[in-house]
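Let's read this structure together, one feature at a time.

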Amino acid sequence: MINVFKGYKGRALSTLKEFQMRVWGDAVIKTTRGEFSGIILPRSENDDDYHIVLKLKTGYNVGIDVNTITDMQEVGYREAHYKIPEKDFPFSPDKPRVKLFGTGGTIASRLDYRTGAVIPAFSPGELYGAVPELADICNLETEKLFAVFSENMGPKEYMKLAVAIGDEIARGVDGIVIGHGTDTLHHTAAALSYMIQKSPVPIVLVGSQRSSDRPSSDAALNLIHATTTASRCEIAEVMVCMFGPTSDEYALLHQGTRVRKMHSSYRSTFRTIGDTPLAMVTRDKFTYLKNDFNRRRKDRHVEIKPYFEEKVAMVYYYPNMMPDIIYSLIDNGYKGIVIAGTGLGHVNKPLYPAIRKCFELKIPVYMTVQTLWGYVHMFVYDTGRDLMSSGVIPTGNMLPEVAYIKLGWALGQSSDPATVKEIMLNPVCHDITEKEPYNGYLIYQGGIPEVEEFIRKFHK
Amino acid sequence: MSREFDPKQNYESSCQKTGYVTRDKATTKTYRELGFKCGLEVHQQLATREKLFCRCPVGIYQDFADFDAEVIRHMRPTLSEMGTYDGTALMEFKTRKNITYRIKNETTCTYEVDDTPPFPINREALAYAVRIALLLQCNIVGELHITRKQYLDGSIPTGFQRTAIVGIDGEMPVGKKKIRIIQLSVEEDACREVSDHRHERIYTTDRLGIPLIETVTYPDMMTPEEAEAAGQYIRFLNRSSGLVRKGSGAGREDVNVSITGGTRVEIKGVSHISWIPALTHNEAFRQKALLLIRDELVKRIPKPEDWKPVFKRLNFDVSDIQYPPIKQAVENGWQLIAVNLPQFRGILSFFTQPGKTFASEIEGRLKVIACLELPNMVHSEDLQPVFDENMLKKRSRLLGCTEQDAQIVFWAPEEDVACAMYTIEERCRMALAEVPNETRKALPDGTTIFERVLPGADRMYPDTDSAPIPISDDYIEELRQQLPKELALRLQQLADWNIPADTHHYLLRNNLIPLLEKIITDFGIEPVFLASLLAHRLKHIEGRQQAAAGFDYKLIYDLFRKTAERKVNYNLLPELLPILYEHPQLDFDSLLHLAGFKKTTMEKLLGEVPGLAAIFRNIKRSRNPLAAERWIMGNLRAVARGNVDFNLLQQEVRKILSQLPKDES
């Protein structure tokens with residue numbers, strides 16, 4: 001695509017050519033609906049092919065239907081160039097060293113007001129320009145490891161990240177922060193929980209639910225909470241740090257193996273499932289909610305285990321699922337399967353032969369629950385017992401996504417079903433817990449008088 | 001500071017220097033000499049059922065103390081704004097306002113609290129907006145682009161308002177002039193403010209998201225009266241469409257004023273059009289005064305960049321001071337800071353608005369930017385000095401000030417001191433340079449106070465959450481077919497009907513001319529009678545009490561229809577109307593019954609005349625030959641009402657009386 005026609009195609013493109021107009025041109029356009037003047041902006045590639053986008057003097061954008069255009073004149077030309085203002089990140093010898101890894105999600109950004117494009121801010125200088133409070137918390141170093149959207153994060157990235165974190169710990173940083181898109185943040189958190197063990201410092205994953213070009217964004221506060229945690233928190237675990245309530249009040253620190261994104265758009269989307277979060281964090285303090293965690297240490301010992309078998313699948317069971325789904329996984333060379341079963345961990349009878357086939361072929365099949373909360377209990381009903389006898393292995397209260405990541409990690413280390421089983425069922429970072437606390441399952445229902453009273457008093 | 005300085009006298013002489021006159025003494029020439037220019041931004045809620053970007057209902061308002069939940073947010077300026085704002089936005093951010101939203105479940109969903117992206121735009125609202133843009137002769141855009149307009153005051157939880165241009169470059173006739181329209185946009189309404197105290201601002205989200213149109217005019221109005229007339233025109237035009245919400249707060253104006261050498265200042269929250277003249281008049285003179293202050297300061301301070309105020313913490317005991325705000329501040333353990341403003345003598349008491357001086361410019365900013373509630377300072381040109389002689393001496397020694405200077409003492413908690421000092425210095429520096437670009441809040445007395453720094457030009461950007469919406473020629477044509485008659489033609493119609501001017505406002509405000517036209521055409525009603533029935537009789541009734549549920553102006557047409565069908569004389573209508581207003585569900589017979597109507601004929605009525613004349617002869621006291629006729633008519637009228645025309649009846653009565661034997665006495 002030639003730059004002067006950025007994003008234009010079809011009729012709109014030929015109209016621009018016909019009148020010898022270009023993007024960023026200051027244009028006067030005569031149409032059957034009257035005259036419009038402004039700067040021609042690039043057009044989004046996915047939009048239709050018969051409108052030209054114009055930025056009016058008032059700052060508003062409008063589209064002009066090319067079928068109404070009778071004449072166009074270029075009376076000037078103003079191309080936009082934007083750069084993030086960079087300020088030196090102030091160094092204070094008495095503050096902790098924090099390393100921020102970028103994976104591609106936008107942590108902070110500035111806006112190009114003419115195109116609406118979001119320019120990411122990432123270098124310490126850029127971040128300092130966007131969130132000056134960071135300088136009061138730590139000495140920040142940054143490194144962009146890759147630039148992928150959250151949904152494109154995968155095993156290669158997990159392993160590269162784990163190795164890079166190991167190196168930084170060895171170099172002596174006081175904490176790690178990883179900026180990440182939120183959609184698969186919990187997958188990465190689980191992967192790092194397995195690949196980095198016995199870390200002496202906090203490893204904090206953070207994202208934002210409202211992009212940082214908005215005044216009401218949660219990005220800055222999340223970053224402040226995450227760097228505060230990396231700098232001073234006692235918990236040396238892989239954690240997700242995101243808004244507790246939707247209000248700008250505190251963040252929750254979630255164990256990397258027990259956390260899940262639970263709402264498509266709320267700020268408080270991340271929740272610890274089947275347990276309580278590790279801690280609450282504000283700008284000023286930590287409130288520890290649990291005692292049972294690895295503590296920060298002075299030494300630099302850490303175990304990095306960057307293994308992953310990519311041919312692992314997760315199957316979300318639904319009524320009337322046919323065995324061909326499982327057979328096709330077998331045929332395509334999958335080496336392990338995690339099923340998210342109904343209720344206590346069930347699938348229908350027609351699937352049994354396929355599952356037995358997996359067992360014969362030494363393809364391990366692990367059972368988790370769709371209900372997310374609660375344990376797989378395969379002894380309660382005959383169906384469960386039948387499944388177990390077919391070789392399905394229950395995984396306690398491991399979350400389905402976590403079981404998927406763990407199986408990939410286990411199969412990356414061994415193809416022997418017995419060894420894999422040992423790895424899978426050996427609890428790591430509370431991915432399987434011996435008990436579910438009574439307050440580990442709380443989903444309040446609106447409308448109930450006492451809940452409404454609670455919500456009136458406390459921010460949700 | 002010299003003790004001979006008389007702040008009151010200085011206020012008056014500076015007022016004179018500014019050339020301030022009250023509005024009744026101002027003429028077109030006054031405004032021409034000032035270079036007065038005014039433009040309007042008229043906001044009008046649309047009468048849709050649902051909000052603009054979510055499906056919450058509109059028009060349900062909560063009591064401020066009644067809410068189901070609260071959410072707290074903070075607004076952070078985006079990078080570019082920090083860059084362009086010389087630190088004001090950053091300073092404002094650092095002082096941190098906690099913004100609390102009070103939510104009612106009925107009127108608020110996750111969209112209002114910015115926890116879900118927008119749903120598709122309300123098509124009903126879009127159609128209404130296009131129709132009104134057509135009434136204003138605007139060029140309709142080919143494609144609607146939802147744009148974000150940033151607001152950092154928290155009035156919208158996202159930090160921006162979603163808005164889109166529907167049409168540009170319209171015009172409207174106001175008096176003999178054409179006023180040009182810059183644009184008409186459709187946008188979401190903001191939250192209602194509950195309170196704003198120190199660092200806590202509270203809003204309700206009930207009004208948030210209601211579809212609005214904003215009509216923006218060019219600064220074509222050259223006098224305050226013209227601005228008012230233009231405001232009225234837009235209001236009546238909106239009403240004439242029948243597509244807009246009525247009631248308090250449904251229509252609001254922002255007024256932009258500038259004078260030669262001044263700057264565009266936006267006056268917000270003008271809730272009555274009748275406020276416009278006083279507000280714009282005073283703003284013009286405020287700008288003039290600020291320019292005079294600038295000229296004076298530039299003379300005194302040849303190198304503005306070297307000018308520097310002195311700030312010192314008070315180092316003497318002020319526990320004797322009885323002035324309550326300072327007493328309270330001392331009790332709270334707040335800091336008391338003395339400020340010396342070199343070369344500012346006579347500036348703090350310089351006139352800016354009726355009853356206000358330059359000091360209030362500083363006070364207003366301290367309130368908004370540093371979050372210090374009023375009163376937040378005292379100064380050397382106060383009318384009522386707070387410090388005694390001894391303290392003043394100590395203060396002067398502390399600051400090392402001279403006779404040419406002015407002094408301020410303000411009080412603030414430690415965490416707000418830096419921002420307050422910054423604010424004072426910044427405002428004084430601006431005084432040396434220009435009339436600051438700002439948004440001011442309208443007060444009922446016609447003056448204004450500082451509301452916020454005017455956002456930069458770069459605060460608009462595309463809404464990445466929504467796709468552009470094409471507006472086709474066919475769609476526009478379809479909407480054009482539904483347009484009401486042009487307002488200018490309506491005004492001509494009123495003139496043609498000889499309808500008295502005092503009824504126009506009421507008829508336009510309530511969009512009653514279409515009803516008037518229909519009744520006049522269908523039933524041949526005399527226009528003046530009808531206009532008076534509505535704009536006098538009905539208006540009077542409305543002023544006394546609220547209409548019963550179910551009352552609608554459309555019922556008046558039905559009332560005329562039934563009256564005509566039943567051959568009831570229209571002179572019963574002034575009696576029927578209040579009954580209908582109170583009991584809109586009653587059928588016509590019941591209305592007649594309650595109005596005391598009984599069917600009778602002219603013959604029967606006239607048959608009573610000789611008897612009544614005989615009675616009158618016995619009781620008469622007047623020598624006026626018409627007294628008998630008047631008295632008899634008075635007795636007949638109540639019965640005749642609805643049955644016969646009074647004029648006709650009177651003629652007949654007169655005829656009969658003339659035929660009766662003459663009175664001997």
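Q: Before we look at residues that stand opposite each other, what makes two strands a pair?
A: Two strands pair if DSSP finds at least two bridges between them. In general, the strands of a sheet pair through backbone hydrogen bonds, either parallel or antiparallel. Keep in mind that this is a predicted model.

Q: Which residue of β10(B) stands opposite I99(B)?
A: I99(B) has R201(B) as its opposite number in β10(B). The strands concerned are β3 (residues 98-103) and β10 (residues 200-204) of chain B, which run parallel and are joined by five bridges.

Q: What is the strand order of the open sheet that holds these strands in chain B?
A: The order is β2-β3-β10-β9 (chain B), four strands with mixed pairing. On the edges lie β2 (69-73) and β9 (192-197) of chain B, each of which pairs on one side only. Between neighbouring strands of this sheet the turn is 20° on average, direction ignored.

Q: Where can I see a sheet with parallel pairing?
A: Go to chain A, where four strands in the order β20-β21-β22-β23 form an open sheet with parallel pairing. Its edge strands are β20 (312-316) and β23 (392-394) of chain A. From one strand to the next the twist averages 30°. For a detail, follow β20(A) to strand β21 (residues 336-341) of chain A: these two run parallel and share five bridges. There V315(A) stands opposite I339(A) in β21(A).

Q: Which helix packs on that sheet?
A: That is α9(A), which touches β20, β21 and β22 (365-369) of chain A. The direction of α9(A) makes about 170° with that of β21(A).

Q: How do I describe two helices that pack together?
A: Two packed helices are described by the angle between their axes and the distance between the axes. Take α4(A) and helix α9 (residues 400-411) of chain A: their axes come within 9 Å and cross at roughly 40°.

Q: Why are α4(A) and α9(A) called oblique to each other?
A: Angles under 35 degrees count as roughly parallel and 65 to 115 as roughly perpendicular, so a value between those ranges is oblique. With a crossing of roughly 40°, α4(A) and α9(A) are therefore oblique to each other. The crossing of α4(A) past α9(A) is right-handed.

Q: Which residues meet where α4(A) and α9(A) touch?
A: From α4(A) come H186(A), H187(A), A190(A), A191(A), Y194(A) and M195(A). They meet E401(A), V402(A), I405(A), K406(A) and W409(A) of α9(A). By class, this contact has seven nonpolar, two polar and two charged residues.

Q: What domains is chain A divided into?
A: Chain A has domain 1 (3-77), domain 2 (97-304) and domain 3 (312-425). The C-alpha centres of domain 2 and domain 3 of chain A are 31 Å apart. Twelve residues of domain 2 of chain A are in contact with ten residues of domain 3 of chain A. On the domain 2 side of that contact, helix α4 (residues 185-195) of chain A gives the most, with six residues. That side has six nonpolar, four polar and two charged residues.

Q: How many residues does each chain give to the contact between chains B and A?
A: Chain B gives 47 residues and chain A gives 44 residues. On the chain B side, β2(B) gives the most, with five residues. By class, the chain B side has 23 nonpolar, 15 polar and nine charged residues.

Q: Which strands pair across the two chains?
A: Strand β4 (residues 61-65) of chain A and strand β5 (residues 143-144) of chain B pair in the antiparallel sense, over two bridges. In this pairing V62(A) stands opposite L144(B).

Q: What backbone geometry deserves a second look?
A: Most residues other than glycine have a negative phi, and most peptide bonds are trans. Q20(A) has phi near 55°, a positive value, and is found in the loop between α1 (10-18) and β1 (25-31) of chain A. In chain B, the peptide bond from L374(B) to P375(B) is cis, with omega near -10°. P375(B) belongs to the loop between α9 (358-368) and β18 (377-379) of chain B.

Definitions and conventions. Residues are numbered from 1 along each chain as its sequence is written. Chains are lettered from A and ligands numbered from 1 in the order in which they are written. This is a predicted model: local features need pLDDT of at least 70, side-chain atom pairs count only at pLDDT 80 or more; totals for chains, interfaces and linings use all residues. Axes are lines fitted to C-alpha atoms, for helices over the stretch in contact, and angles run from 0 to 180 degrees between N-to-C directions. Domain bounds come from an automatic or database domain assignment. Two residues are in contact if their C-beta atoms, placed from the backbone, lie within 7 Å. Ala, Val, Leu, Ile, Met, Phe, Trp, Tyr, Cys and Pro count as nonpolar, Asp, Glu, Lys and Arg as charged, and the others, Gly among them, as polar. Angles under 35 degrees count as roughly parallel, over 145 as roughly antiparallel, 65 to 115 as roughly perpendicular and the rest as oblique. A crossing is left-handed if the near helix is turned anticlockwise from the far one by less than a right angle, and right-handed if clockwise.
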